[in-house]
Amino acid sequence: IEEALLAGAIDLAVHSMKDLPTELPEGLAIAAVPERQDPRDALLGMKFKALPAGCKVGTSSLRRAAQLRALRPDLEVEPLRGNLDTRIRKMEEGRYSAIVLAAAGLKRMGWEDRIADILSTDYMCPAVGQGALALETRAGGAAASLCRTLDHAETRTAVAAERAVLAALGGGCQVPIGAYATLEGRSLHLTAVVCTPDGDRLIRRNASGDASRAEVLGRELGQTLLDAGAD
């Protein structure tokens with residue numbers, strides 16, 4: 001998609017923010033970040049507190065799997081692949097007692113009624129940028145200025161802080177990382193988590209500060225995690 005943007009074959013790309021690397025190719029820019037949908041993770045099948053010991057829970061995410069194992073070592077967390085339809089069908093066939101998906105994807109599909117439980121960000125930290133979209137264009141092009149009307153300043157600020165945490169931790173490293181930022185007026189509150197895949201060790205740290213320093217706060221929190229052993 002980015003090659004098509006750079007070649008001029010397309011003028012605008014829409015991504016899930018959590019799939020977009022922290023470093024963009026030269027010449028491209030995030031022109032707008034629309035208002036965020038629900039950033040939380042959702043459980044299908046049954047409520048979290050009702051999950052019996054030893055039951056199988058499916059997820060395609062290292063981050064979700066690690067945090068689930070940290071919260072409930074008694075669960076059997078198993079890989080789950082495929083699109084939304086396929087994942088839900090596998091659960092309905094009885095392969096899993098429950099599955100974990102992004103609430104935003106389910107809500108965008110109109111499948112909110114399938115959600116059994118919403119997992120609080122207090123114990124299941126979302127992926128960086130989860131629930132947000134990124135509109136990517138060529139930097140300085142006409143499409144970039146047109147997209148600005150879709151930009152949601154609060155979402156952009158929160159996501160910038162989260163992406164700064166990820167960048168400080170090494171960008172796209174394949175380890176369980178979560179970061180989530182919220183704004184209250186001009187105050188930004190940021191939580192980030194790094195966990196071992198088996199859930200045995202989880203490091204969670206928080207930071208707060210002025211929203212104008214969102215990226216600085218994110219980088220500083222990333223460094224705090226590294227100093228605490230995240231590396």
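So, the open sheet: five strands in the order β5-β4-β6-β3-β7, with mixed pairing. Strands here are DSSP E runs of at least two residues, helices H or I runs of at least four, numbered from the N terminus, and two strands pair if DSSP finds at least two bridges between them. β5 (76-79) and β7 sit at the edges with a single partner strand each, so one side of each has no neighbour in the sheet.

Quick caveat: this is a predicted model, so local features need pLDDT of at least 70 and side-chain atom pairs 80 or more, while totals for chains, interfaces and linings use all residues. Numbering starts from 1 along each chain as its sequence is written, and side-chain values use heavy atoms, leaving out hydrogens and water.

Now look at β3, residues 41-44. Asp41 and Leu43 point one way, Ala42 and Leu44 the other, and all are buried, meaning under 20% relative accessible area with a 1.4 Å probe, protein chains only. β3 runs antiparallel to β6 (98-102), joined by four bridges; there, alanine 42 partners leucine 101. With β7 (117-119), β3 is again antiparallel, over three bridges, and aspartate 41 stands opposite leucine 119.

Where's the largest nonpolar core? Two or more residues each come from α6 (153-168), β9 (177-184), β10 (187-195), β11 (202-210) and α7 (214-230). A core here is a set of buried Ala, Val, Leu, Ile, Met, Phe, Trp, Tyr and Cys joined through side-chain atoms within 4.5 Å. Of its 21 residues, Val165, Leu188, Leu190 and Leu225 touch the most other members. A second, separate core of 13 residues includes Leu43 and Leu119.

Key. Buried means under 20% relative accessible area, exposed over 50%, partly exposed in between (1.4 Å probe, protein chains only).
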